[in-house]
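Here's a quick briefing to read alongside the structure. Take a look at the picture first, then work down through the topics.

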Amino acid sequence: MLEQRGVPTAVMGTFEFEPLARLEAKNRGIADLPLALVPHPLGGIKEDEVLRKADLVIEAVLKAVTRA
Amino acid sequence: MSALGPAAKVVEFAGAFEDIDADYQARGWTDGLPIVPPTEARVREFLKLTRRDPREIVGVLPPRQGEATIEKIAANAVMAGCKPEYLPVILAAIEALADPLFNLDSVQATTHPVAPLIVVNGPIARELEINGGYNCFGQGFRANVTIGRAVRLVLMNVGGGLPGSGDRATQGSPAKLAYCVAENEAESPWEPLHVEAGFPGETSVVTVFGCEGPHNIQDHFSNTGLGVLRTVAGAMGQAGSNNLLGWGWPLLALGPEHAATIARDGYSKAKVKEFLFEHARFPLARLGREYQQQQIERHGAMDAPSTMLSIVRRPEDISIIVAGGAGKHSCWQPTFGDGTHFTRRVIER
């Protein structure tokens, strides 16, 4: 939705919620929506773990927000 | 004219009730309880209660983006065990849930145990015997239980809010089975919810809240309005609710005796809301450091030992109804926080 308004967007989440994200994307007609996914969970983790998980998806996020 | 959706599919069954029910269970078309088979004849009985085209789309429901047509809603109402005359209430509730302000996308899919609470005001509540008195949030009243269940079945069967896929609730709540109540207007010392919103008293209105199950507030000891309100404020200003996390539009359902004591001591609804805005608060210092940090960084809470966190942005963001029978109990419904706003619709008759 934000992309359609011209706002570069990256969807981040955990693999735990990947089926829900894919279901919602498909039902909204954007089945190819790129997802930047990390192992579950995102909440309740320490900062070093946050950074480690961010490293795993930084490329995917950059790609998602810079693609034409 | 409103958009039309596809006609509901007709499935042929040859077996007995047990076979039909087993098939519905196997297809995942139920909340777990047995269903009443929605035969074409039975659905037609329900459709007599509305002038709208059976294929008219009442709302598009996420996460499936399912088109909730009148006919499909009627079929789910039959399955839930409703009487035909309940249909207009269910239609209004579904329309209110599909209002973007309600944010059904998040309410359906979230890990939070949020359930749509259907509050019915006006004469239709009395006509259909939707209970607003004794045990109004509990068992024993067909209209409450089956209207609530019908809405849940529509959210599952049309909206795709299926546990584990489209509905990712961590624990869920019994309120997700059926959650429908009438306001006890006869015993309220104040104007009822719909009149407060500007409707004539004789108009029947549904208001839907995305909230937790009822959280009891017991006070047998206070004999002043101020005393009761302090207990209410203490219960509402609690850690762990989404309202403390991020405000929103919570609901307070005062029992008639508590409401009478509060009103007798000069409190209007507006004054109750002002009191609760000021006093239903939780001390920042009693939260863990990470949670404190969230409140400081995202909500601008002052990092000070004296900081008290409010559950709403403004007094008027709290809704109040009167519900229940005799006794010194009230309840509040923490909502899904900032992620949902209550919505309402007039019930067309």
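Among contacts in chain B between residues at least 6 apart in sequence, 82% link residues at least 24 apart; a contact here means that the C-beta atoms, placed from the backbone, lie within 7 Å. Keep in mind that this is a predicted model, where local features need pLDDT of at least 70, side-chain atom pairs count only at pLDDT 80 or more, and totals for chains, interfaces and linings use all residues. Residues are numbered from 1 along each chain as its sequence is written, while chains are lettered from A and ligands numbered from 1 in the order in which they are written.

**Confidence**

- Chain B has a mean pLDDT of 97, with 100% of its residues at 70 or more; pLDDT is the predictor's confidence in each residue, from 0 to 100.
- The model comes with ipTM 0.83 and pTM 0.95.

**Overall build of chain B**

- You'll find 13 helices and twelve strands in chain B, which are DSSP runs numbered from the N terminus (helices: H or I, at least four residues; strands: E, at least two).
- Why does 21 Å agree with a compact globule? With 349 residues, such a globule would have a radius of gyration near 20 Å, and chain B has 21 Å (taken over C-alpha atoms; the rule is 2.2 Å times the number of residues to the power 0.38).
- Along the principal axes, the C-alpha atoms of chain B fill a box of roughly 70 × 45 × 40 Å.
- Of the 349 residues of chain B, 48% are buried, that is, 20 or more other C-beta atoms lie within 10 Å of their own, with C-beta atoms placed from the backbone.

**Two domains in chain B**

- Domain 1 covers 1–212 + 339–349 and domain 2 covers 214–333, with bounds from an automatic or database domain assignment.
- Their C-alpha centres are 29 Å apart.
- Where the two meet, 22 residues of domain 1 of chain B contact 18 residues of domain 2 of chain B.
- On the domain 1 side, strand 3 (115–121), helix 8 (193–196) and strand 5 (205–211) of chain B each give two or more residues.

**A closer look at strand 10 of chain B**

- Ser319(B) and Ile321(B) point one way from strand 10 (residues 319–322), Ile320(B) and Val322(B) point the other way, and all are buried.
- Strand 7 (residues 251–254) of chain B pairs with strand 10 in the parallel sense over four bridges; pairing takes at least two bridges found by DSSP.
- Opposite Ile320(B) stands Leu252(B).

**Where the chains meet**

- Seven residues from chain B and seven residues from chain A make up the contact.

Methods. A residue is buried if 20 or more other C-beta atoms lie within 10 Å of its own, exposed if 12 or fewer, and partly exposed in between; C-beta atoms are placed from the backbone.
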